[in-house]
Amino acid sequence: MVESIVRSTEAWADRFFSHRLNPLPQAGAIVFLLLTVLTGSGAILFLYYSVEFKEAYRSVAYLHDGTIIGALARGMHRYSADLIFLFALLHMLRSFFLGKHGEGRWRSWLSGTGLLLFLIYQGVTGYILPWDERAQAVLNVVLETIAAIPGIGPEIANAFLTNDGISTRKVIYILALHLVPPIVALGFLGFHFQRLRRPKIWPQKPLIVAIVLGLVVCAVLLPAKSLAPADFFTIPGPVSYDWLLLSPVVFMKSMGPSAFWITAFMAIVLFASVPIILSYRKSDDYVRLDERKCVGCGLCAVDCPYAAIELDPLPPEEKHPLMAWIDEKRCVSCGVCIGSCGFDALDMPLRKCADIRLEAETFLEKNGSSKGAPIIIYACKNALDINEVEENMGADGFETVFVPLLCAGQLYTGWIEEDLKKGAAGVMVIRCGWNSCAGREGATFAENRIYHERKPWLRKRVPLEKVRLVSCDKNRSGHVLGLIKQFKRWLEKDSGTFQSEKTAIPAPSMLVSTTIVLLFTTGFIYFSNMLWERWEYALEDWNKGRVIVSLNSPKPARLKVSMKDKLLIDKRFFDKGNGGRGTIYEKIAVDSLASDILITFHSGSKVSKTLIKGPIGAGRVVVVREKAGKLIVEGYKNLGE
Ligand code: HEM
Ligand code: SF4
Ligand code: SF4
């Protein structure tokens with residue numbers, strides 16, 4: 001059901017873009033393009049970025065004042081980050097609903113999960129680097145969430161708390177946390193493409209032009225700007241959020257740390273297990289090799305879109321030096337290699353070659369000598385609802401047979417020649433759209449083999465006008481019906497014109513597609529920007545005051561915080577077998593008028609105390625630390641006392 005919605009949406013988009021320029025099936029390649037833009041613009045931003053804590057904010061905030069290139073790079077970096085998220089989601093949903101996660105594809109799925117997490121992570125750390133109020137709010141929530149991780153959590157959170165709010169050390173930490181993961185992501189990308197032969201990593205050129213141009217236009221017209229500088233002794237009030245990239249932070253805040261971690265963990269495990277849960281191969285559907293027939297020509301190994309076939313050397317006494325070897329685990333049963341083998345050495349249990357031939361030959365035995373125009377229609381099962389078309393054929397169904405294939409790539413061109421010899425007036429091949437092929441390259445190979453561009457091609461003596469290639473999808477049966485009738489009339493009368501399909505991009509559709517993609521890119525960025533500029537949201541309770549207790553002290557220990565006679569917290573910390581040392585990080589929200597807050601810390605037999613006279617004030621933060629065995633209060637001086 002959902003698969004059919006995805007396919008019909010793509011088919012609908014095909015009408016505007018043509019098969020080759022439809023961005024939906026190329027979403028993965030667009031993500032790759034945007035990754036490249038992000039890397040390039042990120043490298044430029046890095047040149048301008050200052051890690052010196054007083055300069056970090058200024059080096060980003062005033063980028064647009066100083067240089068055109070810097071401002072352009074900032075805008076393109078921010079907007080391509082938004083766009084990449086959108087296309088990564090589209091690519092993921094498409095892979096999911098078209099069932100592209102099973103068998104040999106699990107590597108792509110698993111690494112895709114890692115890449116998606118990487119994109120989410122980069123979005124969040126990227127928004128901290130400008131060190132403005134938004135960065136501060138994001139960092140506070142992230143630290144609070146991290147502090148809830150038992151053991152290392154408080155230690156990580158404390159590493160970011162310093163006397164001055166922002167310090168050079170902190171800036172370097174965040175910068176490293178933003179710059180190092182892309183190197184790890186390269187490994188994920190390698191794994192993502194590992195089992196895909198000839199991955200289409202770049203979208204079609206007109207799409208590249210439209211998207212990059214759209215980003216440049218947006219970067220110029222809507223320059224990315226910073227908010228007021230961060231002040232870590234205040235609680236940030238409502239600020240605007242990027243609704244795409246910062247939604248994880250909003251989840252962290254609204255769910256609370258524990259619920260967030262549990263939900264995130266379960267979601268990741270569930271997501272990563274999709275290939276096991278939904279696509280576990282129950283039968284032995286992989287392609288079979290007849291070793292006696294294989295001559296080791298290697299065409300199948302080159303053609304297999306999932307790199308599931310290799311060539312093994314044979315001992316010198318054998319007739320042929322090489323023989324195909326099938327990696328059953330990688331085979332996704334697409335059938336594309338069947339069309340590569342001119343020696344009948346490969347077969348698919350799901351759709352046997354013998355059955356395909358039997359259906360065509362039985363039909364020709366009956367109709368081959370007819371004076372009409374018997375047609376054989378080889379149809380990819382993903383491209384056509386054969387039953388529906390057959391029902392609607394009416395009188396045209398006479399002398400026509402549909403022979404289903406797993407993929408148009410399963411068609412061996414020698415069969416076409418045989419059919420025409422045995423009396424077929426014409427042969428029609430129905431495949432999926434250029435980019436929508438379930439076997440990735442089957443639709444393209446079918447075309448290439450028919451038009452003498454890929455071996456084993458249709459012999460040149462076969463008249464091409466008797467072979468009709470049609471791109472289709474299940475929701476356009478009416479369209480196919482019309483083409484079959486047209487082909488039949490043409491064969492019967494041997495007159496009229498028809499143009500055989502070959503997927504060159506017509507100039508008008510190139511122009512239309514480029515314009516639509518350009519408008520979409522700028523429109524999406526404009527509206528999402530407008531939306532998030534308006535969506536002001538307070539990540540924190542900024543009407544209250546806050547006390548943060550940040551201690552690195554031996555355990556067991558006990559922390560008590562009370563206000564006048566009211567106990568706010570009383571927490572014990574135990575030695576977890578790490579020699580007794582460990583970090584304590586506690587965040588306590590207090591009323592803005594709160595005063596006389598007493599902090600008592602017991603560590604072994606030692607007791608340290610400090611009193612915050614207050615009032616702390618709305619939106620103010622006080623940090624309690626330990627120095628030379630004493631508790632000291634930071635931030636309090638900022639209250640004007
Ligand atoms: C940085 C993020 C990503 C990039 C750059 C990317 C890029 C690509 C590209 C270029 C392809 C090859 C398409 C082809 O040649 O047919 C591909 C395939 C694939 N991707 Fe991604 N992808 C990303 C994220 C994801 C995510 C999040 C998922 C889902 C969890 C995913 C799942 C897949 C699958 C299953 C395939 C194989 C499709 C097939 O068998 O036809 N990818 N990806
Ligand atoms: S059916 Fe053939 S082409 Fe398809 S994945 Fe298996 S071995 Fe490769
Ligand atoms: S295409 Fe056929 S003959 Fe050639 S290597 Fe593959 S299985 Fe063997």
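Domain bounds here come from an automatic or database domain assignment. With that in mind, the protein divides into five stretches: domain 1 (23-278), domain 2 (288-335 + 337-346), domain 3 (354-493), domain 4 (507-536) and domain 5 (545-639). The centres of domain 2 and domain 5, taken over C-alpha atoms, are 70 Å apart.

A word on how to read what follows. The model is predicted, so local features need pLDDT of at least 70 and side-chain atom pairs count only at pLDDT 80 or more, while totals for chains, interfaces and linings use all residues. Residues are numbered from 1 along each chain as its sequence is written, chains are lettered from A and ligands numbered from 1 in the order in which they are written, and side-chain values use heavy atoms, with hydrogens and water left out.

**The iron and the ligand shells**

Let us start with ligand 1. Its iron atom is coordinated by His91 (NE2) and His192 (NE2), at 2.0 Å. His91 belongs to helix α5 (residues 68-97) and His192 to helix α10 (residues 181-194), so the pair ties together parts that are 101 residues apart in sequence. Helices (H or I, at least four residues) and strands (E, at least two) are DSSP runs, numbered from the N terminus. Donors are N, O and S atoms within 2.8 Å of the metal (3.2 Å for Na, K and Ca), and water is not among the atoms, so sites may look incomplete. The iron site has six donor atoms with angles of 86 to 180° among them, and is octahedral; for six donors that label requires opposite donors over 155 degrees apart and all others between 65 and 115.

Next come two further ligands. A residue is near a molecule if one of its heavy atoms lies within 4 Å of it. The shell of ligand 2 includes Cys304, Cys331, Cys334 and Cys337, along with Val287 and Met348. Around ligand 3 there are 13 residues, the closest being Cys294, Cys297, Gly298, Cys300 and Cys341. In the table, Ala, Val, Leu, Ile, Met, Phe, Trp, Tyr, Cys and Pro count as nonpolar, Asp, Glu, Lys and Arg as charged, and the others, Gly among them, as polar.

| Shell | Nonpolar | Polar | Charged |
|---|---|---|---|
| Ligand 3 | ten residues | three residues | no residues |

**Two sheets**

Strands pair if DSSP finds at least two bridges between them. One open sheet has four parallel strands in the order β7-β6-β8-β9. Its edges are β7 (400-405) and β9 (467-471), each with a single partner strand, so one side of each is left without a neighbour in the sheet. Inside this sheet, five bridges join β6 (residues 375-380) to β8 (residues 426-431), and Ala379 has Ile430 as its bridge partner in β8.

Two backbone details deserve a look here. Arg440, in the loop between β8 and α19, has a positive phi near 60° although it is not glycine. Pro456 sits in the loop between α19 (442-450) and β9, and the peptide bond from Lys455 to Pro456 is cis, with omega near -10°.

The other open sheet is antiparallel, with four strands in the order β13-β12-β15-β16. Its edge strands are β13 (566-573) and β16 (606-612), each pairing on one side only. Seven bridges join β15 (residues 597-603) to β16, and His602 stands opposite Val607 in β16.

Terms used. Tetrahedral: all angles 85-135°; square planar, octahedral: opposite > 155°, others 65-115°.
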